[in-house]
Amino acid sequence: MEAVVRRKAAAYVCRSCTRQFQRQLRRNYSNSAPRPDIYDVVCVGGGPAGLSLLTALRANPVTSHLRVALVEAQDLSKVKSWKLPPNKYSNRCSSLTPTSALFLDQIGAWEHLDQTRVQPYHEMQVWDGVTDARIEFDWAPGSAPVEGTTIAYMNENLNLTSGLLKRLEQLGGVSVFEGAKVENITFGEETEDLDLSQWPVVHISGGKQLTARLLVGADGANSPVRAFAGIDAKGWDYDRHGVVATLEMEGEGWGGEHTKIAYQRFLPTGPVAMLPMPGNIATLVWSTTPENASLLKRLPPKDFVAMVNAAFRLSTVDLAFMHTQGADQDDEYSWRLQHTPFNSRAVPQTVVGVQEGTVASFPLKMRHADTYIGERVALVGDAAHTIHPLAGQGLNQGQGDVQSLAKTIEFAVTHGQDIGSIMSLESYVSERYTANHVLLGVVDKLHKLYSAESGPLVPLRSLGLNAVNALGPLKSFFMKQAAGSGTKIF
Amino acid sequence: MNPLRHDFIQTCRSSSPYSSFTVLTEDSSDILPPTSDAAHNTTHNTFNVQKLRYLDIGCGGGIFAESAARLPTTSSVLAIDPSPGVLAIARSHAKKDPSLSPKLTYLSSTIESLPTLKPEAVQKKFDVVSCFEVIEHVDHPALFLDHVAQFVKPGGWLVMSTIARTWTSWFTTNFMAEDVLGIVPKGTHDWHKYINEYELRGYFEETEEKRRFWGRPRAMGVVYVPGLGWKEVPGSEKVGNYFLGVQRLAGEDA
């Protein structure tokens, strides 16, 4: 896949050559050229960001007259009709902040999510795996934001995309090209009375060509739209994999069904997080070395479950040892647990099972595009930035982008600006870039800070965590920032 | 472009219950009365029903004319400028946006010669007649405005922007812009031709006849803030750049 994208990216590099070639073509075939099929917005990528953007544009009466198209490689009807039995959950879940949820509600999509599969959580327990320094994010009496005590909502990604597709279907008016690959992106032609030489033309499989006033890249980390626009993305790989799984717990959690708790323990190999889903289900995100990840994926269910329970309870030394064992982690865990003192109410309830086929992993990286806009191009979501999942902010950043871009487009429409011109798009990038950059940086530094097993950083970070935990107002400030409900500081 | 131009027009039009004229226009059958100002709640009316005709006098490179033509509320824009050079630039720029050609017409003309070149423009008139940054370059502003009046539809708006004749405006537009920074050619502005807000307002209010013909002028002072763009600053119409909008009331041409 990557190779294909790179090869395509290479084709976009020399734009002057492409133009030269087009000019020659034009000279020869200008009379036979079909009339360009012009859209106001062509969105490449039908993930959460792309679908939210189109929904926001369609739901707003100011922008609903725009002619919009969606190009998506997947078969969207399968996503729309996505359904799992009530006790089975997908392993790809994301945390949605109340801000994201409010936006989704404003564009009329939230009600289309299957609410029985959305789980708000109200507390967070975060601790240092080396020193046990701990911060408990529970709302002190009177400190909860007015809109409620929900820190965030856990939700399956497919529940979100499926809900957005249902809302889009209700709104109508989107030309959907699904199962369609972007084969090339070029520039339009110049004729006597029309100059489209700066308008992107998306060539999709089957020969169809879409000319875009504004081409939106919601096409993920390896964004072909970003490559077309010649925008570089900088960053690094963490040499870590995120292992995900759907877990079955012994109960509904220590807080019962109404006070759900998220847990995260910083291990030297990376943070391990367990996030509550409805009932006795939880979802796991365990960032660890590629070697550990491949071991975890190989283990039989009972040993995998033992490793997860160990990850929240045993010392990092014990845990490291268990990663070197080829098998029988289950026995090892039972034995070591007897010799490890811990407060069972301070860690998640015991995992009793893992749903079949849900253990998977993906490489973790940090990327940030140099800018989000070009002439007639805007990038949103993962095409613009990729973040470490430890703060659960990736999807929310994408929703923030979309909300801002939709607002920018609305302003341009009401002021007669060309929605594709850089001038119109500038407010989008100025509103989002720094905010995203700060968040990417903070999360990146957190990852690095907690990767240290010894040295001066270890007592310092524990001191910091304990201090924040002791200072009520500061803690409530952090919680409101995490929930996206506090004063915007970035 | 200064996006406040559209905000100001919107403010003017929504300030008057007659703005989109149910009674006084000849083709009022397809027009509904406007609702309040914000784009959101007026959307249905604004974007689907009322379609406005614009005349842009002294359009230059077409910055405002293009933006007016792009508005979904616009049915047509006639943009005139006496200089063929700037019109060539305007036309070639308009080629880059296919949505413009059905709505936007450029014509090389002064306001004085427009009735001869386009007699139907006097007959049909316009919902919005704009002349942005024009009147300070005109030798006889009152005479110029007399000509302009006949193109404004009863109930329609004449919208202008210009600069007040103050020390501040001399310093920014003559001394800084022309002499020091050189961002506009020397001699672009003749400070003595600048018109203060009370003077321009005075034209529309000076006689009983004028007061019957025109409604009460509305002004909005604006300031360019580097890094932030144009901002409305109440009271600044007495100092520098300002908008003035006035609605035509009378049905008969003066």
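In the predicted model, the lining of the largest cavity draws its largest share from β14(A), which contributes 3 residues. This strand spans residues 270-276 of chain A, and together with β13 (261-267) and β15 (281-288) of chain A it belongs to the elements that each supply at least two residues of that lining. By residue class, the lining comprises 11 nonpolar, 7 polar and 2 charged residues. A search of the whole structure returned 2 cavities of 30 Å³ or more.

The contact between the two chains was examined next. Chain A contributes 24 residues to the contact and chain B contributes 18. The size of an interface is often given as the accessible area lost when the parts come together. For chain B and chain A, the buried area is about 1600 Å², of which 58% falls on carbon and sulfur atoms.

Polar interactions also occur across this interface. The rule identifies 9 residue pairs in polar contact between chain B and chain A, with both residues at pLDDT 80 or more. On the side of chain B that touches chain A, at least two residues come from each of α1 (4-15), α2 (39-49) and α3 (63-70) of chain B. Of the elements of chain B, α2(B) gives the most to this side, with 4 residues. The residues of chain B that touch chain A divide into 7 nonpolar, 5 polar and 6 charged.

Side chains of opposite charge can pair when their charged atoms come close. Across the interface of chain B and chain A, 3 salt bridges are found. A salt bridge joins the side chains of A:D195 and B:K96, with an N to O distance of 3.5 Å.

Over all chains, the search of the whole structure finds 32 salt bridges. Within chain A, a salt bridge links A:K208 to A:D37, and the closest N and O atoms of this pair are 2.9 Å apart. A:K208 is located in the loop between β10 (200-204) and β11 (209-217) of chain A, whereas A:D37 occupies the loop between α2 (15-29) and β1 (38-44) of chain A, so the pair ties together parts that are 171 residues apart in sequence.

Key: Residues numbered from 1 in each chain as written. Chains lettered and ligands numbered in written order. Predicted model: local features only at pLDDT ≥ 70, side-chain atom pairs only at ≥ 80, totals over all residues. Heavy atoms only, no water. 1 Å grid on protein atoms, 1.4 Å probe; cavity = no way out; pocket = protein on both sides within 12 Å on 5 of 7 lines; lining within 4 Å. Points joined across faces, edges and corners; volume = space filled by probe spheres on them. Nonpolar A, V, L, I, M, F, W, Y, C, P; charged D, E, K, R; others polar. Contact = heavy atoms within 4.5 Å. Buried area = accessible area lost by both parts, 1.4 Å probe. Salt bridge = Lys/Arg side-chain N within 4 Å of Asp/Glu carboxyl O. Polar contact = N/O pair within 3.5 Å; in protein donor to acceptor, adjacent residues only side chain to side chain.
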